[in-house]
Amino acid sequence: MNLSLNTNLADGYTSNSQIARILTENWVLNNSYCPSCGDLPLKEFENNRPVADFYCSKCKEEFELKSKSGKISNTITDGAYSSMIERINSDNNPNFFFLTYTKHWTVNDFLIIPKQFFTTEIIIKRPPLAETARRAGWIGCNIDISKVADAGKVFLVKNATIVNQDLVRETFNKTLFLRTKSKDVKGWILDTLKCVDSINKEVFSLDEMYQFEENLKLKYPHNNFIRDKLRQQLQILRDKGIIEFIGRGKYKKI
């Protein structure tokens, strides 16, 4: 994997956004692989396709690319709010690649957020454009990746360091089971994952998980068995190899 973008492709272009799009898309085509099956190269969809930019010809995973200059941030600008919500709730929403590059046109971070981690909660509606704007009233959105569980942030490149491909595939495929779950079941698992992430220790206890009981009660006001539900989700995460049960009410992050 070559972390340098091919700046020769920028000849003849003056728009920074257009240059960035051309260089980053070309980089993905020539350097990335499918994080699910490992196949390479990825294929490019026809231009202006509304759903995705790339696909894997072997396992049929689809990917959309978002890129920006500088360090990766919690907030990533996206397109129309209504379209994004519609896509998240559909069966053909893609996985998202996020790529950041330096002022010297080298890749700093390249990660994928699998589509099963996209929920309406991480999509933030922006204010409508002013009446004086060309698209008056148009409402865009931002993607808040701080609300995505750590298990849903799969780095292929992190801080300009290439991550082992076997580890990428293992991490990506470990949460594919979420795609078969109902919206309610998946929501509980994702919320439990975020609770686990909030505990800044490798080993944590069931009592520490119970500290999130009141917050979860606000989200699930009709559930009177929050603690039972948490234990159930921890068992699922244990069975899927995302956490490890080490005994006496204690768990270890993997």
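## Helix H4

How far apart are the end C-alpha atoms of helix H4 (residues 183-198), and what span should its 16 residues have at 1.5 Å a residue? In this predicted model, the end C-alpha atoms of H4 are 22 Å apart, which agrees with the span of 22 Å that its 16 residues should have at 1.5 Å a residue.

The buried residues of H4 are Lys186, Gly187, Trp188, Ile189, Leu190, Asp191, Thr192, Leu193, Cys195 and Val196.

Seven strands form an open sheet with mixed pairing, in the order E1-E2-E3-E5-E6-E9-E10. Its edges are strand E1 (43-44) and strand E10 (161-162), each of which pairs on one side only. Helix H1 (residues 16-31) packs on this sheet and touches E1, E2 (54-55), E3 (62-69), E5 (95-101) and E6. The direction of H1 makes about 115° with that of E5.

Within the sheet, strands E6 (residues 107-113) and E9 (residues 154-158) run antiparallel and are joined by 3 bridges. Phe110 has Val157 in E9 as its bridge partner.

## Backbone features in the loops

Most residues other than glycine have a negative phi, and most peptide bonds are trans. The loop between E9 and E10 holds Asn159 and Ala160. Asn159 has a positive phi, near 50°, and Ala160 has a positive phi of about 65°. Ala160 counts as partly exposed because its relative accessibility is 40%.

Pro41 lies in the loop between H1 and E1. The peptide bond from Leu40 to Pro41 is cis, with omega near 0°.

Definitions and conventions. Residues are numbered from 1 along each chain as its sequence is written. This is a predicted model: local features need pLDDT of at least 70, side-chain atom pairs count only at pLDDT 80 or more; totals for chains, interfaces and linings use all residues. Side-chain values use heavy atoms; hydrogens and water are left out. Two strands pair if DSSP finds at least two bridges between them. Helices (H or I, at least four residues) and strands (E, at least two) are DSSP runs, numbered from the N terminus. Contact means heavy atoms within 4.5 Å. Axes are lines fitted to C-alpha atoms, for helices over the stretch in contact, and angles run from 0 to 180 degrees between N-to-C directions. The expected span of a helix is 1.5 Å times one less than its number of residues. Buried means under 20% relative accessible area, exposed over 50%, partly exposed in between (1.4 Å probe, protein chains only).
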